[in-house]
Amino acid sequence: RMAAAPPSYCFVAFPPCSKDGLVVFGKNSARPRDEVQEVVYFAAAEHDPGSKVECTYIEIEQVPKTHAVVLSRPSWLWGAEMGANEHGVCVANEAVLTREPASESEALLGMDLVRLGLERGATAKEALDVIVALLEEHGQGGNYYEDGSSCHTFQSAFLIVDRNEAWILETSGKYWAAEKITEGVKCICNQLSLTTKIDAEHPELRNYVKSQGWWNGDSDFNFSEVFSLADDHLACCSGRESLEKQGGDISAQAMIDVLRDKDSGVCVDSESFLTTASIVSVLPQDPSFPCIHYFTGTPDPSRSIFKPFIFVDDVKLVPKVQSPSFGNDDPAKKIPRFQEKPDRRHELYKAHEWARSLLENDQDKGQKLMRIMLDLEKQGLEAMEDILSRTEILDPAEVVDLFYDCVDTELKFFK
């Protein structure tokens with residue numbers, strides 16, 4: 001009865017594959033077709049001793065200080081599919097299936113761990129340590145979808161990136177292994193990818209798999225072989241070749257092009273799944289330059305545009321990409337859960353539905369609109385390249401309304 005894990009794709013490229021000392025990160029979030037993703041910002045905050053934080057299903061101890069984060073998330077849950085924090089850490093998750101069935105009992109979702117890692121980790125390695133400690137303490141489990149009729153559970157994999165390095169973290173229950181990456185191009189998708197190069201692992205991992213009879217200790221320990229379902233361990237990534245073809249020139253634009261590619265399967269548009277939101281982040285290895293995070297906030301990157309966000313104090317909030325809030329009346333918060341599905345569409349999402357029907361019903365008008373949109377996106381990309389090629393330090397006032405203005409302009413075109 002194992003339902004397939006949603007086929008999201010996550011990428012990272014390091015110099016010399018990427019251009020001008022930039023680390024480039026990207027993810028297409030494949031989720032149930034009708035699910036809405038919102039883009040939300042939470043400022044850094046101090047918390048009182050002993051305070052708790054209410055995650056999607058369970059409450060856990062809060063930490064004294066949380067970092068500012070920007071997240072792309074299914075709007076019914078607490079965590080996120082992907083996002084970044086003010087220290088230039090990016091995290092994205094993948095739902096994966098392993099030979100151990102994922103727990104249906106409510107615990108932390110992989111998506112909660114994305115947000116917790118970003119709120120609590122100032123480097124990629126810190127975010128990894130946060131995630132595995134919480135996994136050990138609280139476990140992972142609960143429904144991945146807003147579905148009252150059936151419980152869909154998965155294990156989690158994560159791509160955790162900062163300006164210097166990336167970690168691929170793969171889990172099964174509370175057990176995990178991780179690989180550190182500092183060069184080349186990496187892709188993770190909805191199946192395990194770690195083999196024998198393991199740079200950190202759960203202290204009991206090898207004893208545990210021996211006790212289960214999955215590995216006898218005589219051969220090299222290969223994480224994917226030991227934990228994958230028998231027929232599942234394939235080379236997953238169709239997008240990696242297109243990125244590697246770019247030579248040493250992987251940029252935000254190159255990553256966007258890969259995420260838009262339907263032929264390769266990276267841009268998912270199938271009967272059950274759709275790429276419901278996308279992110280691309282550019283992390284300059286030189287810390288005097290700002291990190292830039294591009295979000296679509298809308299489904300299907302081939303019909304959406306990537307809009308830049310830069311962390312500065314008092315960054316302007318963007319209600320037009322935020323879903324309505326239902327507070328404690330939200331069916332996702334009441335038990336039994338998901339007895340009904342409220343309308344979670346935000347303003348930008350609704351405008352896109354209109355544009356999508358135009359693209360489908362009036363080819364000429366639709367393509368003209370798409371050309372205008374892509375031109376708008378290109379202006380944004382060029383303005384950001386300009387910021388990354390300057391010698392003087394960025395004035396925060398210049399970008400405090402950046403994401404707000406981009407969303408606003410996009411909406412005006414739809415009007």
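In strand E15 (200–201), Glu201 is the bridge partner of Ala177. E15 and strand E13 run antiparallel and are joined by two bridges. Two strands count as paired if DSSP finds at least two bridges between them. Strands (E, at least two residues) and helices (H or I, at least four) are DSSP runs, numbered from the N terminus. The model is predicted: local features need pLDDT of at least 70, side-chain atom pairs count only at pLDDT 80 or more, and totals for chains, interfaces and linings use all residues. Residues are numbered from 1 along each chain as its sequence is written, and side-chain values use heavy atoms, with hydrogens and water left out.

E13 covers residues 175–181. Six of its seven residues are buried, where buried means under 20% relative accessible area, exposed over 50%, and partly exposed in between (1.4 Å probe, protein chains only). E13 also pairs with strand E12 (residues 166–172), in the antiparallel sense, over seven bridges. Ala166 has Ile181 of E13 as its bridge partner. The hairpin of E12 and E13 has two residues between the strands. There, Gly173 takes a positive phi near 65 degrees.

Eight strands form it, in the order E3-E8-E9-E10-E11-E12-E13-E15, with antiparallel pairing. E3 and E15 stand at the edges, each with a single partner strand, so one side of each has no neighbour in the sheet. The partner of E3 is strand E8 (residues 69–74), joined to E3 in the antiparallel sense over six bridges. Tyr41 stands opposite Val70 in E8.

Tyr41 and Val70 also line the largest cavity. A cavity is defined on a 1 Å grid over the protein atoms alone, as a set of points where a 1.4 Å probe fits but cannot get out; lining residues have an atom within 4 Å of a point. Grid points are joined across faces, edges and corners, and a volume is the space filled by probe spheres set on the points. The structure holds four cavities of 30 Å³ or more. The largest has a volume of about 90 Å³. Strand E3 (residues 37–42) gives the largest share of its lining, three residues. Other lining residues include Phe309, Lys316, Gln322 and Phe403. The lining divides into 10 nonpolar residues, one polar and one charged. Here Ala, Val, Leu, Ile, Met, Phe, Trp, Tyr, Cys and Pro count as nonpolar, Asp, Glu, Lys and Arg as charged, and the others, Gly among them, as polar.

The second largest cavity has a volume of about 60 Å³. Helices H7 (347–361), H8 (363–389) and H10 (402–414) each supply at least two of its lining residues. H8 gives the largest share, four. The lining of this cavity holds seven nonpolar, three polar and two charged residues. Among them are Arg303, His352, Met370 and Glu410.

The largest nonpolar core has 91 residues. Such a core is a set of buried Ala, Val, Leu, Ile, Met, Phe, Trp, Tyr and Cys residues joined through side-chain atoms within 4.5 Å. Phe11, Leu159, Val161, Phe223, Val280 and Tyr294 have the most contacts inside it. A second, separate core of 47 residues includes Val53, Leu116, Phe154 and Phe273.

Helix H6 (residues 252–259) is largely enclosed by the rest of the structure, because six of its eight residues are buried. The buried residues are Ala252, Ala254, Met255, Ile256, Val258 and Leu259.

Technical notes: 1 Å grid on protein atoms, 1.4 Å probe; cavity = no way out; pocket = protein on both sides within 12 Å on 5 of 7 lines; lining within 4 Å.
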